[in-house]
Amino acid sequence: METKLALPFKEIIQEDMMTRKYCRAYHLKDLRAFRDWAEKHDENEAELSGDNIVYLWDDLTVVKSPVIPDKGLIFDAVTPEWQDFCTTTLNFEIPEDLRYAYEQAESRAEKESDVEQSPASV
C-alpha cells in the first residue's frame with residue numbers, strides 16, 4: 001500500500017445538504033483492486049494509469065481532483081461491498097478529530113430541520 005495524503009475540507013452547509021468535507025488520496029491502482037471497479041471517464045480524456053493519484057471522499061465516491069470534485073468523477077457505485085473494501089482493504093476512515101465535526105454538523109442540521117417543520121404559532 002502506498003503513502004496516502006489526508007485532506008480535511010471546511011464544512012459547508014447549503015440548504016439542507018452538507019457537502020463533503022474529507023477525502024484521502026490513493027494511487028488509482030489500489031482502488032482498481034476492488035473486484036467491481038468500473039471507472040468513469042469522458043470520451044476525450046486519456047486513460048489514467050495506476051500511478052495516478054485520485055481522491056476518495058467521505059461519501060465513498062472517487063474523483064481526480066479534490067479542488068474540483070464535481071468534475072472528474074471516476075467512481076460512484078457505492079455498494080456495501082465497496083464500503084467494506086474501503087474500510088478493510090484501504091483502511092479508509094474519517095479521523096477521530098473530524099468525526100466530532102461531522103456529529104456537530106448533523107446535529108445542527110437536524111435541529112434546523114425540526115424548526116422548519118414545526119407549525120407556526122399564532
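**Exercises on a predicted model**

Cys23 is buried, its relative accessible area being 0%, where buried stands for under 20% relative accessible area, exposed for over 50%, and partly exposed for anything in between (1.4 Å probe, protein chains only). The model is a predicted one, in which local features need pLDDT of at least 70 and side-chain atom pairs count only at pLDDT 80 or more, while totals for chains, interfaces and linings use all residues. Residues are numbered from 1 along each chain as its sequence is written, and side-chain values rest on heavy atoms, with hydrogens and water left out.

**Exercise 1.** Find where confidence in the protein is lowest and where it is highest.

*Solution.* Take the overall figure to start with: the mean pLDDT (the predictor's confidence in each residue, from 0 to 100) is 77, and 63% of the residues reach 70 or more. Then go element by element, helices (H or I, at least four residues) and strands (E, at least two) being DSSP runs numbered from the N terminus. Strand S2 (residues 13–14) has the lowest confidence, at a mean of 32, and helix H1 (residues 28–31) the highest, at 97. Finally, pLDDT stays under 50 over residues 1–18, although the model has 42 contacts beyond four places in sequence for them, contact meaning heavy atoms within 4.5 Å.

**Exercise 2.** Count the salt bridges and describe the pairs Asp51 with Lys29, Asp76 with Lys40, and Glu45 with Lys64.

*Solution.* Side chains of opposite charge can pair when their charged atoms come close. The rule asks for a side-chain nitrogen of Lys or Arg within 4 Å of a carboxyl oxygen of Asp or Glu, and the count by this rule is five.

- One of them joins Asp51 to Lys29, at 3.1 Å from N to O. Asp51 sits in the loop between H1 and strand S5 (53–57) and Lys29 in helix H1, so this pair ties together parts 22 residues apart in sequence. Asp51 is exposed at 52%, whereas Lys29 is partly exposed at 38%.
- Asp76 and Lys40 also form a salt bridge, with the closest N and O atoms 2.8 Å apart. This pair links distant parts of the chain, Asp76 being in the loop between strand S7 (73–75) and helix H2 (80–89) and Lys40 in the loop between H1 and S5, 36 residues apart.
- Glu45 meets Lys64 at 2.6 Å, N to O. Glu45 belongs to the loop between H1 and S5 and Lys64 to the loop between strand S6 (62–63) and S7, so parts 19 residues apart in sequence are tied together.

**Exercise 3.** Identify the buried residues of H2 and what they pack against.

*Solution.* The buried residues of H2 are Trp82, Phe85 and Cys86. They span an arc of only 95 degrees around the axis, which places them on the same side of H2; the arc is taken over the directions from the helix axis to the C-beta atoms. These buried residues pack against H1, S5, S6 and S7.
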